[in-house]
Amino acid sequence: MPDLKINFAGIKAPNPFWLASAPPTNSGYQIMKAFDQGWGGAVWKTLGIPVVNVSSRYGAVNYRDSRMIGFNNIELITDRPLKDNLREIEEVKKYFPDHAVIASLMVESRKEWHQIVKDAENAGVDGLELNFGCPHGMCERGMGSAVGQEPEVLKLIVSWVKEVAKTPVIVKLTPNITDITDAGIAARQGGADAISLINTVQSIVGVDIDNFVPYPVVDGKSTNGGYCGPAVKPIALNMVKNCAQESEIGIPVSGIGGIENWRDAVEFILLGASSVQVCTAVMHYGFGIIREIIPGFESYMKEKGFDSVDEMTGKAVQNVKTWENLNLNYQIVAEINKEKCIGCQLCYIACEDGAHQAIGLSENGTRVPFIIEENCVGCNLCSLVCPVENCISMVRTDDGKKSVTWKERTEAGNIPVSFNDPLAGGLHHTIPEPTAALKKKNTF
Ligand SMILES: Cc1cc2nc3c(=O)[nH]c(=O)nc-3n(C[C@H](O)[C@H](O)[C@H](O)COP(=O)(O)O)c2cc1C
């Protein structure tokens, strides 16, 4: 069996699947229940000077039959007394000594940081996570993302923490920044042992159009919140990859954002994470999702021959290049499986109006469209909109041998000089003439 145990920047855990700091880690009761079901670690709901929260707090974006494709919250840090949280941390560590318990922290002054680090460590935590990511409420008070957006301030605060911390320090980054690697580098320079990302994306999920107030509504008013769940996974994956590729960061990364199943976890790990954290999926489906994550992840490891999570970490990073290093000669075209096609013609509409007019409709009465190969640029759109699995596949048509990248081309001096230059574009597909009726209608 592959070994799921990890040592993340000095924090040991039975597996890389941790709960992110959020409502599921609000209490010892919840965390013990989660550990019992299989989670390997938990980052406690952010500790600091307890806040007063509002009601309501959450909003969501639903997509057709999918509930909560994106989730939004305006909740602050813990509203429970520090002493209760510390007592429960001690208790969790007593019953689950081998699981990772990490305290998420957020305070203001150097003195407060020193005190809360000592308090958390005295309670027995295995590590600390500094919350420099919360993009609502706390940032108005100069904390959370207000720190994460200022690399110099972030670096200073990390160095305050490192003055007293005895356990590993993870810095949790905000995605609400132009280049997340600036904050990652600052964390490293301040002495961080690891980084975690992403916290939530500043957002408004919708507006009550009858009462003119965005969601979630608090007595007729609202405020921007933080967006998370499956909708943010692509943003998080890209940022994890950016940090993994940045040599000036060079410390372990804990990946967070939209993880719901073993496949999501694998993706984060392949792009450079060595542990993952989950919040929204647990708020949606409960702690029990771990019962599918672990066996699915183990089967994948076995199938690919990985013995440890370390062996998997970053495996896909080498295949993420800048655009100029992609093979311009690689060519694929769409192929429609006539047996599987249900004749909905969504592919035709998408290609006709939104892409390259490379799908035609037969005049013989069949509803199955056909591909006009010479117009097809291999963009994937038809296969993405097709509702039938494996009905449209993309088939390689170049010879598979000669690769040329934009970089090689420009370095060889083959830079197109005008839009008419053949080098400016390899494909010259026929764009149909507007119909006579259309032209007539629009003649003024
Ligand atoms: C309701 C709610 C409360 C949260 N509270 C915290 C918090 O106290 N500290 C923190 O670092 N992140 C907090 N987060 C952010 C999550 O830890 C996580 O970074 C984010 O939700 C992305 O992961 P997900 O897509 O799995 O939810 C919160 C998220 C939600 C939805």
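Colleague: Is Phe-212 buried or exposed?
Modeller: Phe-212 is exposed, because 8 other C-beta atoms lie within 10 Å, and 12 or fewer is the limit for that class. Please keep in mind that this is a predicted model.

Colleague: Where is Phe-212 found, and what is its phi?
Modeller: Phe-212 is found in the loop between strand E12 (207–208) and strand E13, and its phi is near 60 degrees, a positive value in a residue that is not glycine. Most residues other than glycine have a negative phi.

Colleague: And what about Asn-380, which also has a positive phi?
Modeller: For Asn-380 phi is about 85 degrees, and this residue is found in the loop between strand E19 (370–371) and helix H13 (381–385). Asn-380 counts as partly exposed, because it has 13 C-beta neighbours inside 10 Å.

Colleague: Switching to peptide bonds, which residue does a cis bond join to Pro-216?
Modeller: That is Tyr-215, with omega about -10 degrees, and Pro-216 lies in the loop between strand E13 (213–214) and strand E14. The peptide bond from Ser-55 to Ser-56 is cis as well, with omega near 0 degrees, and Ser-56 lies in the loop between E4 and E5.

Colleague: Now the sheets: in what order do the strands of the barrel come?
Modeller: The barrel is closed by eight strands in the order E3-E4-E7-E8-E9-E10-E15-E16, with parallel pairing, and its neighbouring strands are turned against each other by 25 degrees on average, direction ignored. Within it, strand E9 (residues 169–172) is joined to strand E10 (residues 194–197) by three bridges, and Ile-170 stands opposite Ala-194 in E10.

Colleague: What lies across E8 and E9?
Modeller: Helix H5 (residues 151–164) lies across strand E8 (127–131) and E9, and runs at about 160 degrees to E9.

Colleague: How about the open sheet, which strands stand at its edges?
Modeller: The open sheet has four strands in the order E5-E6-E14-E11, paired antiparallel. Strand E5 (58–63) and strand E11 (201–203) stand at the edges, and each has a single partner strand, so one side of each is left without a neighbour in the sheet. Here the neighbouring strands are turned by 40 degrees against each other on average, direction ignored.

Colleague: How many bridges join E6 to E14?
Modeller: Three bridges join E6 to strand E14 (residues 225–228), and the two strands run antiparallel; Asn-72, for example, has Tyr-227 in E14 as its bridge partner.

Colleague: Moving on to the ligand, which residues come nearest?
Modeller: There are 28 residues around the ligand, of which Ala-20, Asn-73, Cys-228, Cys-279 and Thr-280 come nearest. Strand E4 (41–47), strand E6 (66–73) and helix H9 (280–285) are the elements that give two or more residues to this shell, and by class the shell has 13 nonpolar, twelve polar and three charged residues.

Colleague: Last topic, the largest nonpolar core: which members touch the most others?
Modeller: Leu-128, Ile-195 and Val-240 do, in a core of 104 residues. Leaving out residues up to four places away in sequence, the contacts of Ile-195 include Ile-170, Val-171, Leu-173, Cys-243 and Ile-249.

How values were computed
Residues numbered from 1 in each chain as written. Predicted model: local features only at pLDDT ≥ 70, side-chain atom pairs only at ≥ 80, totals over all residues. Near = placed C-beta within 6 Å. Nonpolar A, V, L, I, M, F, W, Y, C, P; charged D, E, K, R; others polar. Pairing = 2+ DSSP bridges. Axes fitted to C-alpha atoms, helices over the stretch in contact; angles between N-to-C directions. Core = buried A, V, L, I, M, F, W, Y, C linked by C-beta atoms within 7 Å. Buried ≥ 20, exposed ≤ 12 C-beta atoms within 10 Å, placed from the backbone. Contact = placed C-beta atoms within 7 Å.
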